[in-house]
Amino acid sequence: MSSQLESEPFDQLAEPGPRRRVVVGVFAVFAVVATLLLRVAGPAAAAPGDTWTLFDDQIADDFGDWSWAQVDTTSTAEVASGSVAAAVDAGPWEAFYIGSNSSHALPLTGRLEFEVHGGGSASEIGARLLSSGLDLASVPVTPLPNEWTTVSIPLVDLGGPATMSGVWFDNLSADTRVTFHIDNVRIVEGAPPPAQDGPALTVDLTGGVLNRTVVDPATGESSVSTITFPHAISDDIYGMNFVTDEVREELDVPVNRWGGNSTERFNHTIGATNLGNDWFFMNSPDHDPGADHRFEEANQADGTDTILTLPMLGWVAKDESGTCSFPTNDALGATHRVDGQDASEPHYLDTAVQCGNGFIAGERVAGGADPTLTSVAVDERFAADWVRELVDQHGTAAAGGVESYALGNEPGLWYGTHADVRPDPIGRDELIDRNQTWASAVKAIDPTANVIGPVLWSGWSYYVTGDEVEAGLRPGDVPTFTAEYLRGMADASEAAGERLLDKLAINFYDDRVYGGGTDDLRLESTRNLWDPTYAPQDWWVTRDFTLGNGSAVIPRMQTLIDQHYPGTGLAITEYNFGGNDTIAGGLAQADALGIFGREGLDVATIWDPWAEWTGLTPAEWADRPVIDAFRLFRNYDGNGARFGDQAQFATSSDEGAVSVHAATRSTDGALTVLIINKARTDQNVPLTLVGATGDAERWDWSAATDMDIRQSGTVTLGDAEEPLALAARSATLLVLVDVDDSEDPGDPNQDPQNTAPTVSGHARLIEPVSLLDGGPHEGRHLNVVQEAGPTTLDSRLRVDRTEDGWFNGRAKDRAFIAAGTDVCSWYVHADSDRRRIRGTVSFGDAEVLGVIVRNRQLGRSADLAVAGVDYDGDGAERHDRFRLTRSSEGTSLWMNLRADRNVDGIRIITDCG
């Protein structure tokens with residue numbers, strides 16, 4: 001096995017799991033694949049001690065016989081009870097498979113039971129559950145010959161999934177045919193275990209420091225990444241790839257990425273791509289022409305920033321017809337035919353064309369294919385032309401156009417994902433040079449745009465390049481690639497006189513869980529993001545790419561940035577912990593979002609939370625547990641309430657059992673604490689809050705709440721007294737709105753002389769949001785400046801009246817404030833003209849009387865009380881938005897207008913509280 005791995009590093013190891021990274025437009029074509037994947041159904045009806053029967057005299061409803069062994073489910077030859085049993089005649093690795101198109105909830109405790117008869121032999125078979133289409137742990141069973149026996153296997157030994165879509169019993173022999181009989185297959189729920197005393201949790205509002213020590217595997221040198229609390233949480237960590245309109249609008253998704261394997265071959269001039277290794281190297285009308293523009297327009301409409309992948313491979317699709325790179329017949333010409341391929345598929349656009357998978361006897365077709373059969377050669381000028389087209393139609397990034405351009409997609413895997421046109425791995429010099437060249441091309445067209453790269457796939461690509469892996473090189477033989485890349489981009493930037501790289505972009509996957517794995521492992525795997533001591537034994541760790549140290553992805557990359565190109569941001573442009581339709585998957589995602597904020601990540605965009613191959617409806621997409629994880633941070637109450645934007649120091653004495661994340665919210669000063677119980681048992685955990693006390697709202701999410709986020713009373717926070725009771729496998733969000741920190745003499749809100757209304761604002765620009773009391777404020781944030789007040793008007797003032805709900809600049813919303821009225825005036829603007837004015841300003845007890853939008857074209861002090869004004873310059877009034885909300889905590893005004901288009905700033909007129 002090891003010699004095979006060494007000789008075939010890419011074919012056997014490099015591709016990160018069964019990721020089908022194809023843009024959404026082509027999925028309907030592959031309906032046959034969709035039937036193999038699953039959508040969530042309701043939970044199995046079982047109370048503790050109940051039995052859920054999958055097969056006795058017949059297979060249960062919603063399940064079928066999906067076997068690939070010879071199976072007779074009506075056999076009377078050998079029966080344990082009832083009238084029939086399943087007679088199985090299985091060749092090597094063949095199975096009796098009871099499968100479903102749905103996922104069914106399982107109890108956290110219980111067992112799989114069945115009766116088995118060994119026929120005339122005692123050959124070993126395996127029992128295995130499936131969850132979300134993925135097979136989990138297999139438990140070997142040796143039936144007794146000519147005798148029925150009862151087998152009882154704890155669910156935890158079968159991977160302990162939260163849902164199951166089937167069970168199979170397979171022949172574990174590689175060379176022997178076996179016969180056996182199965183009867184009475186059932187899930188028996190066990191009594192819930194007693195609650196355990198969980199780890200101690202602490203949230204300290206007075207501050208704290210976390211130090212992460214990482215080791216450079218090439219040099220053996222240690223570096224410390226230090227995180228100081230409190231600090232701002234970047235809003236951009238809540239991003240997604242190809243987000244649906246419904247989810248983007250509900251969750252106010254800050255970043256939407258156009259990425260994945262197919263985007264590396266996307267030809268924007270014709271709206272076509274080549275699907276590469278993901279689907280038989282077929283050309284496809286992946287998007288019709290103009291879809292890239294509609295992608296940006298939809299993002300603009302909702303105030304979402306775009307990350308757009310620029311093809312950097314050097315080849316893009318030349319047409320959208322039924323062509324492919326490795327045809328197995330003469331339909332594309334006899335000279336292009338490649339015989340003997342391991343698999344083929346008719347091209348969905350032209351079934352006369354048979355397309356191969358590019359493998360013969362497990363080996364890639366040597367030398368690739370004729371690239372001109374499917375593709376045309378391009379260079380950085382092609383990318384620059386696309387950027388110019390996008391700027392012409394949507395404006396520069398500063399004016400609201402595409403915010404960020406990614407330099408290619410996972411170049412370390414090109415020699416596999418795009419082996420037809422790039423059969424040889426790329427080396428570090430070529431990769432760095434391409435990044436420098438493409439970055440310069442982007443900046444020449446739009447110097448205000450962010451450039452991010454090199455979008456490394458994960459695993460060994462952080463440390464070495466594909467040609468070095470093929471040559472057997474490891475860190476220590478060569479410098480750490482990411483360090484050399486950052487130095488190369490820094491040197492090129494210095495020579496160019498401008499920053500060419502704004503963010504280091506990487507992808508991250510733990511294939512032990514993304515392509516399968518158990519729920520326990522999934523919940524543990526988030527430690528890869530931060531914990532230097534967590535060294536999972538997947539293949540690239542055991543082969544010494546980290547010298548046996550943990551991945552610690554965020555602190556590891558941050559130390560390299562600090563050493564080699566300070567000021568560069570860090571983006572994880574793809575990640576997914578799997579199990580997106582399970583409780584464990586949702587909890588892992590919630591934990592990851594908390595970790596992103598705690599560790600100071602700049603950008604994160606999850607890959608494929610929708611399970612793109614399943615053909616789910618938009619409503620079903622939005623109802624997956626992984627989306628509930630985002631709701632805990634973006635919309636936990638259904639009305640847009642959010643987790644805080646200022647990370648606070650929070651610790652757990654055992655993060656493997658229970659993790660805790662805390663942050664304060666700039667809009668109202670509330671403290672939010674998210675507690676994730678990863679254990680299979682209820683936990684009673686003591687929570688100590690240092691620096692504040694008060695009663696917090698409690699919100700819970702688990703199977704016990706039917707997978708809904710529900711408010712469940714209040715909890716008094718302060719010194720730990722009564723432990724918090726946490727349900728097994730659950731998330732609990734505590735929201736302390738009235739934070740009592742009166743012991744802090746430096747709090748201006750406690751100053752009895754401070755009688756003016758307290759104003760705070762925040763905006764999702766590009767840097768982390770921050771609390772602003774007045775202004776100006778350094779950094780790229782929203783500024784709130786008190787202009788005047790109290791002031792008595794000497795004449796009436798015409799304003800745009802804000803009302804509950806949406807305001808669209810209509811004449812009926814005009815109002816006048818009478819002369820003699822005492823008012824306060826606040827000017828709101830982005831202190832960089834590159835960003836939209838977007839965020840919330842809170843005014844405490846003051847009443848918002850109206851707003852005046854200040855417009856550069858009409859003068860800085862112009863009162864734009866004019867019907868039909870297109871405030872954000874997008875050609876439509878419908879996107880010019882304000883929303884006024886009132887609550888017991890005061891009045892807040894949410895706004896979303898584009899800076900540096902038409903809008904210069906907003907003057908808000910209030911009474912003085």
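## Aromatic pairs

Trp52 and Phe63 are both buried. In this predicted model, their ring centres are 6.1 Å apart and their planes stand at 65°, so the pair is edge-to-face. Trp52 belongs to strand β2 (residues 51-55), while Phe63 sits in the loop between β2 and β3 (64-65). The two residues are eleven residues apart, and the pair is one that links distant parts of the chain.

Phe508 lies in strand β31 (residues 503-508), and Phe577 in the loop between β32 (569-575) and α15, 69 residues apart. Phe508 and Phe577 are both buried. Across the whole structure, the search finds 26 aromatic pairs. One aromatic cluster is made up of Phe242, Trp258, Phe266, Phe295 and Trp386.

## Nonpolar cores

The largest nonpolar core holds 111 residues. Those that touch the most other members are Met240, Tyr405, Leu529, Ile572, Tyr575, Phe596 and Leu674. The greatest contribution to this core comes from helix α15 (residues 583-599), which supplies nine residues. Apart from this core lies another, of 33 residues, which includes Phe55, Leu129, Val141 and Phe180. In soluble globular proteins, nonpolar side chains tend to be buried together.

Which residues are in contact with Tyr405, leaving aside its neighbours within four places in sequence? They are Leu308, Leu310, Val387, Leu390, Val442, Ala449, Asn450, Val451 and Ile452.

## Helix α6

Helix α6 (residues 380-394) has 15 residues, which at 1.5 Å a residue should span 21 Å; its end C-alpha atoms are 21 Å apart, in agreement with that expectation. The expected span follows because the 1.5 Å is multiplied by one less than the number of residues. After α6 comes Gly395, with a positive phi near 90°.

The buried residues of α6 are Phe382, Ala383, Ala384, Trp386, Val387, Leu390, Val391 and His394. Among them, Val387 and Leu390 are in contact with Tyr405, and Trp386 is a member of the aromatic cluster named above. The buried residues of the helix pack against β19 (255-258), α5 (291-301), β22 (305-310), β23, β29 (404-407) and α8 (428-445).

## Disulfide

The count of disulfides comes to one. This disulfide joins Cys324 to Cys355, with an S to S distance of 2.2 Å. Cys324 lies in the loop between β23 (315-317) and β24 (344-347), and Cys355 in strand β25 (residues 350-356), so the bond ties together parts that are 31 residues apart in sequence.

The torsion about the S-S bond of Cys324 and Cys355 is about -90°, and the disulfide is therefore left-handed. Cys324 and Cys355 are both buried.

## A three-stranded sheet

An open sheet is formed by three strands in the order β13-β37-β41, with mixed pairing. Its edge strands are β13 (196-197) and β41 (724-726), each of which pairs on one side only.

How many bridges join β13 to strand β37 (residues 683-685)? There are two, and these strands run parallel. Gln196 has Gln683 as its bridge partner in β37.

Conventions: Residues numbered from 1 in each chain as written. Predicted model: local features only at pLDDT ≥ 70, side-chain atom pairs only at ≥ 80, totals over all residues. Heavy atoms only, no water. Core = buried A, V, L, I, M, F, W, Y, C linked by side-chain atoms within 4.5 Å. Buried < 20%, exposed > 50% of the residue type's maximum accessible area, 1.4 Å probe, protein only. Helix = DSSP H or I, 4+ residues; strand = E, 2+ residues; numbered from the N terminus. Contact = heavy atoms within 4.5 Å. Pairing = 2+ DSSP bridges. Disulfide = S-S within 2.5 Å. Phe/Tyr/Trp six-rings, centres within 6.5 Å; stacked < 30°, edge-to-face > 60°.
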